[in-house]
Every structure is written in C-alpha cells, then in structure tokens.
Amino acid sequence: MGSREESYQYRHDLVPLAALISREMRSEKMEKPTVSYGSAAQSRKGEDYFLMKTDCQRVPRNPSTTFSVFAVFDGHNGNAAAIFSKDHLLNHVLSAIPRGLERDEWLQALPRALVAGFVKTDKEFQRKGLTSGTTATLVIVDGWTVTVASVGDSRCILDTQGGVVSELTVDHRLEENMEERERVTASGGEVGRLSLGGGAQLGPLRCWPGGLCLSRSIGDMDIGEYIVPIPHVKQVKLSNAGGRLIIASDGIWDALSSEMAAKSCRGLPAELAARQVVKEALRTRGLKDDTTCIVVDNIPPNNSVQPSSPPKKKNKLRALFSGKRSRDSASKLSKKLSAVGMVEELFEEGSAMLAERLGNDDCNSQSTSGLFVCAICQVDLAMSEGISVHAGSIFSTSSKPWQGPFLCSDCRNKKDAMEGKRPSGVKVG
C-alpha cells in the first residue's frame with residue numbers, strides 16, 4: 001500500500017477528461033492547415049456564379065469538424081441552371097452521406113455522395129422545364145484532403161510548393177475527349193461540327209440536336225440525357241507543405257494554360273492572386289466570356305510563406321526520391337503527382353456509368369426506419385419498391401440485381417435515359 005503522500009501525488013497528477021478533450025482539440029486544430037482564399041470575376045453574359053463557404057461542419061456545433069467548400073458554375077443558354085446548382089448542389093451532396101461517420105469514413109463516402117448529389121441536382125432542375133445548362137466544379141477542403149468533382153470545362157488545378165502544376169479535373173469537351181464522343185454516340189447522340197452548307201464545317205465538335213460542345217453538364221434537357229451530370233471525381237491528400245488551388249471557368253482556361261495561370265500569381269496572397277489570374281486572362285484574350293477565378297491556399301501551421309512559391313532545384317531532386325507511389329492510375333496526371341511526392345492520391349474515377357459509380361452496397365442503403373433509401377434522391381422505399389442500380393446492367397458482370405444500392409423508379413428511369421436505353425421522360429415546356 002502506498003503512503004498518503006504518494007496517494008495525494010497521484011490524485012494531483014490526474015487531469016479532468018474535459019481538459020484532455022480540449023487539449024486534443026487544440027492540438028488537432030494546430031495540425032490543420034490554414035485556409036486562405038479569394039475570388040475575382042469579370043462578367044460579359046452574366047452566367048457565371050461561384051460559391052465560397054468555409055464554415056461547414058460534419059458534426060453540427062462541433063468546430064473541430066469544420067470543412068470548406070468552393071465551387072464555380074458556368075451557365076449557358078441562360079443563368080437558371082447555374083443559379084439552381086449554386087443554391088442546391090452542396091446540400092444534395094451532403095444529404096447523400098450517411099450520418100454518424102468518423103472523419104476518415106466521411107471522406108471515403110464523399111466520392112459516391114458527389115455522384116448522387118450531381119445527378120439529383122440535374123434531375124430536380126429538369127423538372128422546371130427550362131433549357132439552361134451549366135458546368136459545375138465543386139471543391140471540398142477538409143484539412144489536408146482535397147476532393148474535387150466536376151462536369152463540363154471549368155477546371156481546378158493544384159500548384160504545389162515544388163512548382164508542379166497538376167489538373168484535378170478532366171475537361172468534358174467533345175473536341176478533346178474521344179472517350180466522351182464515343183459514349184455520346186453510343187447513347188444516341190450525334191457528334192459533328194456546325195454545317196454551313198456545301199460540305200463546309202465550322203467550329204468545335206458539338207452534340208446534336210442542341211449544338212452543345214460539352215458532353216457533361218447539369219441541365220440541358222433539350223439536348224438529351226446522354227449529356228450526363230455524372231462528375232469526374234478526384235481526391236488527394238496534400239503533403240504538409242500545403243498547396244494552392246485555382247478554380248476557374250473557361251473564361252480563364254481559354255486564355256491561359258494551367259501552368260501560365262499558376263505562374264502568373266505565385267508569391268501573391270489568395271485575394272490578389274485571383275485578381276491577377278483574371279487580369280492576365282483579360283490581357284491575353286480580352287473579355288470574350290464570363291471570367292471567374294477562385295484561389296484557395298492551404299498554408300501549413302505557423303507558416304506565413306505562400307504555398308505556391310517558385311520551385312527550387314534541390315527540392316525537386318529531393319522530392320523525386322521521396323517514394324510516393326501512384327494508386328493504380330495510368331494517367332499522366334497520376335504519374336506526375338506521385339512522382340514529385342507532393343500529394344497522395346486517394347481516389348479518382350470518371351466513368352459515366354451510374355452502376356459503376358455507386359458501387360455495391362449490402363447495408364448502407366437501408367435507412368434507420370427499416371426502409372430502403374434511393375441512392376440518388378434519398379427517399380424511403382419499401383422493400384418491394386427499390387430497384388437495384390445493377391439490375392439489367394451489362395457493364396458490371398460481377399454485380400447482382402438484388403444487391404444495393406437501390407433506386408426509386410424515377411431515378412432508375414433517369415439512369416436508363418443517361419445510358420441510352422430509353423428516351424428521357426422529361427419534356428421541354
């Protein structure tokens with residue numbers, strides 16, 4: 001048995017649980033990067049919109065679960081689709097994530113939720129009977145993890161401290177994307193240039209009817225459902241050196257390459273950097289389109305130096321031997337990112353097939369009420385109402401038609417229309 005003095009000393013060394021939790025939260029906060037951001041825009045058509053929200057919380061009223069969201073929407077044929085997406089897309093994505101997940105589980109659930117959120121936003125907007133459409137590039141920053149989902153030709157690039165510029169999105173332009181051209185024609189669309197008569201053709205490749213030069217968007221119901229809202233999704237984890245994200249509409253990218261945009265604003269704080277990118281684009285091409293840019297810096301703790309400083313040769317050499325490896329991706333982007341050791345690739349998928357993007361699910365498609373839930377619109381389904389996303393699919397031979405996730409009949413019709421199996425049920429008013 002210990003002495004009274006030893007017992008007193010033991011009790012004196014005890015720390016209240018609340019103090020331990022508070023200390024842990026402070027430590028976690030210190031380890032997170034500081035997010036600095038800014039935006040700039042010049043309007044010509046009034047169809048560009050953007051979103052910046054830095055107070056989102058995975059767990060309500062818990063500041064330690066805060067994450068940030070940034071998005072650019074470039075509308076066409078009117079601004080209705082861009083406005084609707086700005087107002088509803090984020091909520092649709094977050095509502096598709098199961099409740100009560102830990103942070104790592106939440107991040108793993110994001111890619112699937114992004115697909116569901118984009119499709120639901122498109123489906124709800126089409127009910128309005130409007131022919132407007134929009135690109136959408138949505139970026140979620142949670143600590144060092146960056147998740148990007150995009151349809152269309154708005155773009156998000158990453159500029160690391162090592163000076164390597166990488167694109168986190170894929171442009172869905174028919175002119176440049178052969179896989180998308182083949183998908184559109186296989187689904188029932190026609191791809192060609194504007195015909196002037198006498199065999200003369202003009203401009204980029206477009207989808208007919210409608211004449212849209214993009215293969216993916218939100219809206220555009222008058223063109224055909226094979227112009228899909230299913231986003232390319234990429235998720236990366238930055239190194240503790242941080243990095244700079246530049247998110248912009250094609251008013252920037254038609255004037256500047258990714259490397260030119262990143263180089264033009266290095267060393268500037270985020271707000272000035274966004275203005276500089278827009279200024280450089282206007283100097284190069286003039287104001288021929290709406291031009292919008294968001295710059296987001298992930299700055300390491302206690303580091304006032306901007307993360308996108310010019311590269312140094314010795315840093316490049318050291319990074320080349322850092323041993324970061326690619327995560328089963330054959331793209332040049334993946335090789336480029338992993339080679340310099342600046343990011344860890346967590347996820348990348350760009351398939352336009354909904355069954356492939358929603359995957360297999362034996363338990364998460366059931367709600368707390370005991371009913372099944374539609375993986376897209378989140379409505380409760382009786383067991384006899386749910387239709388497996390894999391039912392009748394020829395694209396995933398290992399799938400089983402009784403295996404979830406499940407879709408309501410309306411979302412199943414949407415899926416079939418996007419794959420060219422039946423005409424869209426939505427008519428233009």
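By salt bridge I mean a side-chain nitrogen of Lys or Arg within 4 Å of a carboxyl oxygen of Asp or Glu. Glu419 is buried, with a relative accessible area of 11%. Lys415 is buried as well, at 1%. Buried here is under 20% relative accessible area, exposed is over 50%, and partly exposed is in between, using a 1.4 Å probe and protein chains only.

Before going on, a word on the source. This is a predicted model: local features need pLDDT of at least 70, side-chain atom pairs count only at pLDDT 80 or more, and totals for chains, interfaces and linings use all residues. Residues are numbered from 1 along each chain as its sequence is written, and side-chain values use heavy atoms, with hydrogens and water left out.

Now the overview. The protein has 12 helices and 19 strands. Those are DSSP runs, numbered from the N terminus: helices are H or I with at least four residues, strands are E with at least two. Of its 429 residues, 51% count as buried. Take contacts between residues at least 6 apart in sequence: 68% of them join residues at least 24 apart. Contact means heavy atoms within 4.5 Å.

Back to salt bridges. How many does a search of the whole structure find? The count is 25. Here is one of them: Asp142 with Arg103, the closest N and O atoms 3.0 Å apart. Asp142 sits in strand β5 (residues 136–142) and Arg103 in helix α4 (residues 103–126), so this pair ties together parts that are 39 residues apart in sequence. Asp142 is buried, at 0% relative accessibility. Arg103 is partly exposed, at 24%.

Next, Lys234 and Glu345. Their closest N and O atoms are 4.0 Å apart. Lys234 is in strand β12 (residues 232–238) and Glu345 in strand β15 (residues 343–349), so the parts they tie together are 111 residues apart in sequence. Both Lys234 and Glu345 are buried.

There is also a network. Salt bridges link Asp153, Arg173, Asp250 and Asp254.

Asp416 lies in helix α12, which covers residues 409–418. Asp416 is buried, with a relative accessible area of 5%. Leaving out residues up to four places away in sequence, Asp416 touches Lys421 and Arg422.

On to a sheet. Which strands form it, and in what order? Five of them, in an open sheet: β1-β14-β13-β7-β8, with antiparallel pairing. β1 (34–42) and β8 (165–167) are at the edges with a single partner strand each, so one side of each has no neighbour in the sheet. From one strand to the next, the twist averages 20°. Strands count as paired if DSSP finds at least two bridges between them.

Look inside that sheet. Strand β13 (residues 243–248) and strand β14 (residues 291–299) run antiparallel and are joined by six bridges. Leu245 stands opposite Val296 in β14. Helix α8 (residues 270–285) packs on the sheet and touches β1, β13 and β14; its direction makes about 30° with that of β1. Axes are lines fitted to C-alpha atoms, for helices over the stretch in contact, and angles run from 0 to 180 degrees between N-to-C directions.

Now the cores. A nonpolar core is a set of buried Ala, Val, Leu, Ile, Met, Phe, Trp, Tyr and Cys residues joined through side-chain atoms within 4.5 Å. The largest has 47 residues, and Phe118 and Ile376 touch the most other members. Its largest share, 10 residues, comes from α4. Phe118 has contacts beyond four places in sequence, including Leu89, Leu138, Val151, Ile218 and Pro231. A second, separate core has 20 residues, among them Ala40, Ile157, Ala281 and Cys293.

That brings us to the cysteines. How many disulfides are there? The count is zero, where a disulfide is a pair of cysteine sulfur atoms within 2.5 Å. Cys293 is buried, at 0% relative accessible area. Cys56 is buried too, at 6%.
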